[in-house]
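Hi,

Here is the structure I said I would pass on. Have a look, and my notes follow below.

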Amino acid sequence: MTILVTGATGNVGRHIVDQLIRSGARVRALTRNPASANLPQSVEVVYGDLTDPDTMVEALHGATAMHLITFNSVDSAPLHTGPEIVELATKAGIRKVTLLWSGTKGPVEEAVEASSLEWTHLQPDVEFMSNTLAWADSIRSEGVVRQLNGQALNAMIHEADIGSVAATVLLGEGHAFKSYSLTGPEVLSAYDKIRIISSELGRDLRFIELSEEEERARMRQSGVQEEMIDYVVGWYANPPKAASRVLPLVEEITGLPARTFAQWIAENKTKFL
Ligand SMILES: NC(=O)c1ccc[n+]([C@@H]2O[C@H](COP(=O)([O-])OP(=O)(O)OC[C@H]3O[C@@H](n4cnc5c(N)ncnc54)[C@H](OP(=O)(O)O)[C@@H]3O)[C@@H](O)[C@H]2O)c1
């Protein structure tokens, strides 16, 4: 049984690959840049671009399950090739698909739901812990974190937990046609996160709360696109309720407690030093 993982070089995809390998699965990883994929040796790395479905034929050949991303990282827009990819996947003999939900239903989700594939949506309604890497530069250089609305609450999730859920779904049964809302194990504000980072690094950190205009200017300076700036600012100004509740699904599906932010920081400490 070969499982095709798209987005395999991404924050979430690398964990999906790792968890599948640990469970003994045969993994094929899709990337547009095989030479720089840097994936474990036992993984079969193949070229493919989801915006050009013809390049997917070889990658799909012989696979029986697939993790499918729904966005194109060139502009973070939904992939419009959903119907073609689903048709090729069905023809190739894929039976089961996990989808990393990006908040709205796009062409990939619509095509998968209209097909004969057994789909499962992995739906993190919360931030990925890896978003904290955006703080790394100012923590390293000044011991400071700058952000809008330090009180905004989030049950952020460790990407490895999305990986564990995906691997459990792809290798197990009983998950077809379900949407799994995934969260981390605790609700944290920016102040809570800074306390946890300070304790792990053994260094006092300062929080500077930005106004909306200051936050927009900071993101523009980092090259973030206007559409994304609007989304992030809107989110922090009025955090959605769904982001500040802890749900039990990670533990129910994987049998293990969801990983904490303290664990994520311990694993990624060197990036903040
Ligand atoms: N960050 C958050 O807080 C958060 C929260 C909830 C949901 N999400 C959702 O999570 C997703 C981001 O996941 P991530 O952080 O794991 O992604 P990521 O680290 O940005 O990685 C993107 C992956 O997608 C692949 N990719 C992009 N366009 C491709 C294309 N045209 N053809 C083939 N592969 C392509 C890239 O592969 P190559 O470059 O190797 O080809 C890479 O492996 C988004 O949909 C976002 O909405 C994020």
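First, a definition: helices (H or I, at least four residues) and strands (E, at least two) are DSSP runs, numbered from the N terminus. This is a predicted model, where local features need pLDDT of at least 70 and side-chain atom pairs count only at pLDDT 80 or more, while totals for chains, interfaces and linings use all residues. Residues are numbered from 1 along each chain as its sequence is written, and side-chain values use heavy atoms, leaving out hydrogens and water.

Now the sheet. It is open, with seven strands in the order β3-β2-β1-β4-β7-β8-β10 and parallel pairing (two strands pair if DSSP finds at least two bridges between them). At the edges sit β3 (44-47) and β10 (178-182), each pairing on one side only. From one strand to the next, the twist averages 20 degrees. Strands β1 (residues 2-5) and β4 (residues 63-68) run parallel and are joined by four bridges, with L4 opposite M66 in β4.

On to the helices. Helix α1 (residues 11-22) packs on the sheet and touches β1, β2 (26-31), β4 and β7 (96-100); contact means heavy atoms within 4.5 Å. The direction of α1 makes about 165 degrees with that of β1 (axes are lines fitted to C-alpha atoms, for helices over the stretch in contact, and angles run from 0 to 180 degrees between N-to-C directions). Helix α6 (residues 159-171) lies across β1, β4, β7, β8 (118-124) and β10, at about 165 degrees to β7.

One last thing for your backbone checks: N149 is not a glycine, yet its phi is positive, near 45 degrees. N149 is in the loop between β9 (144-148) and α6. N38, in the loop between β2 and β3, also has a positive phi, of about 50 degrees.

Cheers
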